[in-house]
Amino acid sequence: MPQASDLKRLADDAVKEIAAAADDAALEAARVRYLSRKDGLVTAATHAIGSLPNAEKPAYGQAINEAKRRIEESLASRASELATGRIEKSLGEADDLTLPPRRVRLGRLHPISRTIREITRVLATMGFEAVEGPEVEFDYYNFEALNIPRDHPARDKFNTLWIGNPKGDDPAKPVLLRTHTSPMQIRIMEQRKPPVRVVVPGRCYRFEATDATHESIFFQYEGLAIDEQLSMADLKGVLYSFARQLFGGDRKVRFRPDYFPFTEPSAEIAFDCFVCDGAGTTNAGRCPTCAGSGWIEAAGCGMVHPEALRRVGYDPARHQGFAFGGGVERLAMLLTGTPDIRLFHENDLRYLESV
Ligand code: DAH
């Protein structure tokens, strides 16, 4: 015959077991063992009530309720103990505040970006507006409109990377990665009426073996000025001022005739080599930076060819202009004292952070 005292013992066992539960899983197992509606021990004891004489039922019923209350209470209190323990443990595992912090790396502009900003800043003082153009270009702008038709020998020196025409391979309109920024001369003149004064910095591409002064991906800047009565003297004045503002009075400037199909006359501007100071040799032999010439070519330039002016609808009798274009890396090498162009694109932060 079940008795109220059995239930007290059952509850005593349960309370002990619950107090000893090491984690949530053990606690849940104890709850199921005693209180599960289906086959918990307390539930089983409840079913037994039916076999008792009526007189004993109330006392037994009370004993059941009391057992349930005690078990539920100890389940709740053990659950809260376990939770507190978890929090305390995680607090003990908190970061060691005495550890020195990781160094915060400050970002900085790449020397090429700094040089482009410097170029456009200096030219802005002379009224040149900075604009940009497409790197994927039509043969027409890169060559044809610049007086370099399909079989012109000047094409050889550009080592062009051709690409499929993304708009459907119209064979009459070949597409390439621009080999220089000069195509923007034509695009700008097509869009604007004189006076024009722009500088175009941007990435260019050539299928080229790399060495200390050549990369297959590189940057150029292109200057263009169109107005009435512009002459070679204006070009020279702008470029000398440009060189002096960038490099101070120290660097020597060399200005001498050259040939480009889209300028007439054409010239080339160079600065004396900062590595060998123009000597062409260093202690180690031939200077690798200027290839022994003592000079670093900074830009090609000249008066815009009348044919190019006519092509965009300008009247060469009324408007003339000059253009110049050169490698940004060359100038960045001079400005940062970098002896090898590849150092700019290898992305070795130890070098990039040092210049
Ligand atoms: N685009 C030429 C090159 O990459 C350089 C150049 C020559 C640019 C003469 C000019 C210019 O604007 O007038 O070799």
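Mentor: Ala, Val, Leu, Ile, Met, Phe, Trp, Tyr, Cys and Pro count as nonpolar, Asp, Glu, Lys and Arg as charged, and the others, Gly among them, as polar. This is a predicted model, where local features need pLDDT of at least 70 and side-chain atom pairs pLDDT 80 or more, while totals for chains, interfaces and linings use all residues. Numbering starts from 1 along each chain, and side-chain values use heavy atoms, without hydrogens or water.

Trainee: How many residues of the lining of the largest pocket are charged?

Mentor: A pocket is an open set of points on a 1 Å grid over the protein atoms alone where a 1.4 Å probe fits, with protein on both sides within 12 Å along at least five of seven lines; lining residues have an atom within 4 Å of a point. For the largest pocket there are 33 of them, with Arg 206 and Gln 220 among those nearest its centre. By class, 11 are nonpolar and 12 polar, and the number of charged ones is 10.

Trainee: How many charged residues line the second largest pocket?

Mentor: Its lining includes Arg 254, Glu 297 and Arg 330. Beside 5 nonpolar and 4 polar residues, the charged ones number 3.

Trainee: How many residues of the shell around the ligand are polar?

Mentor: The shell (a heavy atom within 4 Å) holds 17 residues, and His 180 and Ser 182 are among the closest. Of the shell, 6 are nonpolar and 3 charged, and the polar count is 8.

Trainee: How far is a polar side-chain atom of Glu 222 from an oxygen atom of the ligand?

Mentor: A polar contact pairs N or O atoms within 3.5 Å. Lys 157 has a polar side-chain atom 3.5 Å from a ligand oxygen, and Arg 206 has one at 3.0 Å. For Glu 222, the distance is 2.6 Å.

How values were computed:
A polar contact is a pair of N or O atoms within 3.5 Å; within protein, one must be able to donate a hydrogen and the other to accept it, and residues adjacent in sequence count only if both atoms are side-chain atoms.
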